[in-house]
Amino acid sequence: MKNKHKTTSFIFLEFCIILMYLFSFYETGIFAGSVSPFVYFFEIVMTILTITGISICINTSNRMSNIDSLTEIGNVNWIMAKGGKMHFLKKLSQYTAIFLNMKDSKYMNEKFGNAMGDQLIHDYAQNLQSYIKKKGFVGRMGGDNFYIFVKNEYLDEFIEHLKNIVFTVQYDNTPISYQVKVRCGIFPVTDDIEYREIINHTSTALAIAKETGVDFVEYEESMQKDFLAERQILDDFKNALEHNEFVPYYQPKVDSKTEKLCGAEALVRWIKNGEVISPAAFIPILEKNNRITELDFYIFEQMCKDLRNWIDSGLEPVCISSNFSKKHLKDENFAEEIIQIMNQYSLDGRYIEVELTESSCMEDFQFLKQFSTKIKRAGIKLAIDDFGTGYSSLSMLHEFDADVIKLDKSFLYSALAGNDRSKVFVQDVIRMVENLNEITLCEGVETKAQLNFLKEAGCNIIQGYYFDKPLPRDAFEKRMKEPEYEKRKGE
């Protein structure tokens with residue numbers, strides 16, 4: 001439709017120019033010098049036609065800059081200008097702003113082809129435009145994103161409509177019903193807010209919708225604070241790596257029989273301006289934004305540096321475990337990268353243990369088996385963390401050859417809170433692991449009662465505040481030189 005208007009407008013202007021050229025030939029040709037009413041009339045007509053043609057072209061150009069070529073509805077320029085004008089006139093508080101994202105357009109492109117995907121976006125846009133009519137207005141932001149202002153009294157009705165939009169598409173001559181699923185960031189507009197904040201708030205709510213899996217999220221004030229804090233963490237992350245603000249702390253692992261240091265776990269700490277930032281404040285954010293893999297390898301390399309320094313100074317270190325996110329399981333070179341760093345510092349594999357959570361192991365069991373084979377060949381141990389939280393825990397224990405099984409601390413707490421089923425589970429798992437010639441470790445041990453229960457159950461290694469909190473490098477080095485813990489009475 002837009003191209004048709006464009007072609008018609010420019011053909012009309014070209015027609016006028018041709019007529020003016022002919023008239024110029026007429027004036028300078030055989031009738032040159034003659035004056036007649038026809039000449040004046042022709043000049044007037046040509047002037048009118050030319051002005052009209054230029055006006056049409058200007059209008060067409062304006063339309064081209066405000067209409068989306070694929071969907072034939074308003075584009076981002078149009079929706080922002082219209083919303084801004086209404087906000088200036090104090091009329092936008094009657095509306096709710098919605099930032100809408102189609103969920104599966106990428107899947108449609110991959111399954112049915114780009115042409116079908118474009119057609120779906122076009123038809124969806126036309127559906128929105130047709131439905132909303134006098135209830136609001138809609139524009140395409142680009143890609144599979146739309147921005148909508150809907151009158152407040154029609155908001156619930158419109159959301160119900162969004163939940164039930166179904167198209168029938170032809171694929172291989174077969175009709176297929178396809179329900180368009182969306183996620184939306186929603187913000188009821190007020191007159192006392194800047195227009196750009198309306199956009200920011202809906203963008204924030206949409207980001208929350210994507211993260212949480214909740215399709216329709218209404219903006220709340222706390223979201224912006226959390227969103228800005230997250231942005232700040234991500235902005236500071238690269239600089240923190242470059243300036244060595246992330247450091248490994250080492251939490252001792254203790255032999256349950258001898259109560260003597262037998263290993264440690266490297267845990268990340270972020271020291272910024274002299275203050276220690278809790279991992280809970282940044283680990284989930286880095287995990288969510290796929291930056292955690294950088295931090296994992298950074299801490300692993302720092303750990304390897306410390307191991308090398310201790311060995312060079314004549315101190316025999318204990319085996320230290322390093323945590324890796326499940327995000328690494330998508331990397332075919334995961335094992336090779338670990339081994340390469342270990343070799344870079346000329347370390348023997350017996351000093352290193354890799355920890356993966358049980359949940360990540362179950363997501364790609366075959367990959368994990370291949371990964372395990374590679375690192376074990378290099379002499380590196382593999383520990384499965386949070387064991388007992390997955391649905392196939394015992395099956396994995398049967399099929400997978402790990403070196404260390406770390407029991408989830410929730411079972412320990414439950415067992416000592418009077419839950420007999422948890423007590424039996426812990427005891428049976430420890431027994432099975434022992435029969436498989438593997439090692440059991442329980443973390444989160446804080447009391448004498450917990451320690452005694454685990455000792456009686458046969459747990460090999462204890463980790464927790466009962467013996468030690470995570471220690472900075474120098475303090476842990478001192479602990480390695482004095483590996484025996486004094487046995488304490490009571491709690």
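**Aromatic pairs, cores and backbone features of the predicted model**

Phe-187 counts as buried, at 9% relative accessibility, where buried denotes under 20% relative accessible area, exposed over 50% and partly exposed the range in between (1.4 Å probe, protein chains only). Tyr-219 is likewise assigned to the buried class, at 7%. The structure is a predicted model, in which local features need pLDDT of at least 70, side-chain atom pairs count only at pLDDT 80 or more, and totals for chains, interfaces and linings use all residues. Residues are numbered from 1 along each chain as its sequence is written, and side-chain values use heavy atoms, with hydrogens and water left out.

Rings of Phe, Tyr and Trp (its six-membered ring) were paired if their centres lie within 6.5 Å, with planes under 30 degrees apart classed as stacked, over 60 as edge-to-face and the rest as tilted. The count by this rule is 22 aromatic pairs. The ring centres of Phe-187 and Tyr-219 lie 5.7 Å apart with their planes at 80°, so this pair is edge-to-face. Because Phe-187 belongs to strand 6 (residues 182–188) and Tyr-219 to the loop between strand 7 (216–218) and helix 8 (221–242), the pair ties together parts 32 residues apart in sequence. Elsewhere, ring pairs join Trp-78, Tyr-95, Phe-99, Phe-137, Tyr-147 and Phe-149 into a cluster.

The protein contains 18 helices and 16 strands, taken as DSSP runs numbered from the N terminus (helices: H or I, at least four residues; strands: E, at least two). Of its 491 residues, 44% are buried. Contacts were defined by heavy atoms within 4.5 Å; among those with a separation of 6 or more, 67% involve residues 24 or more positions apart.

A nonpolar core was defined as a set of buried Ala, Val, Leu, Ile, Met, Phe, Trp, Tyr and Cys residues joined through side-chain atoms within 4.5 Å. The largest comprises 63 residues, of which Ile-320, Phe-334, Ile-338, Ile-352, Phe-371 and Phe-476 touch the most other members. Beyond four places in sequence, the residues touched by Ile-352 include Phe-300, Met-303, Leu-307, Ile-320 and Ile-380. Another core, of 29 residues, lies apart from it and has Ile-98, Leu-120, Ala-125 and Phe-167 among its members.

Leu-382, in strand 13 (residues 381–387), is buried at 0% relative accessibility. Its contacts beyond four places in sequence include Val-354, Leu-356, Phe-371, Phe-400 and Val-404.

Most residues other than glycine have a negative phi. Lys-133, however, has a positive phi near 35°; this residue lies in the loop between helix 5 (114–132) and strand 2 (136–142) and is exposed, at 61%. Ser-346 has a positive phi of about 50°, lies in the loop between helix 11 (334–344) and strand 12 (352–357), and is exposed at 56%.

The average pLDDT, the predictor's confidence in each residue from 0 to 100, is 84, and 82% of the residues score at least 70. Over residues 1–6, pLDDT stays under 50. Where pLDDT is low, the predicted coordinates should not be read in detail.
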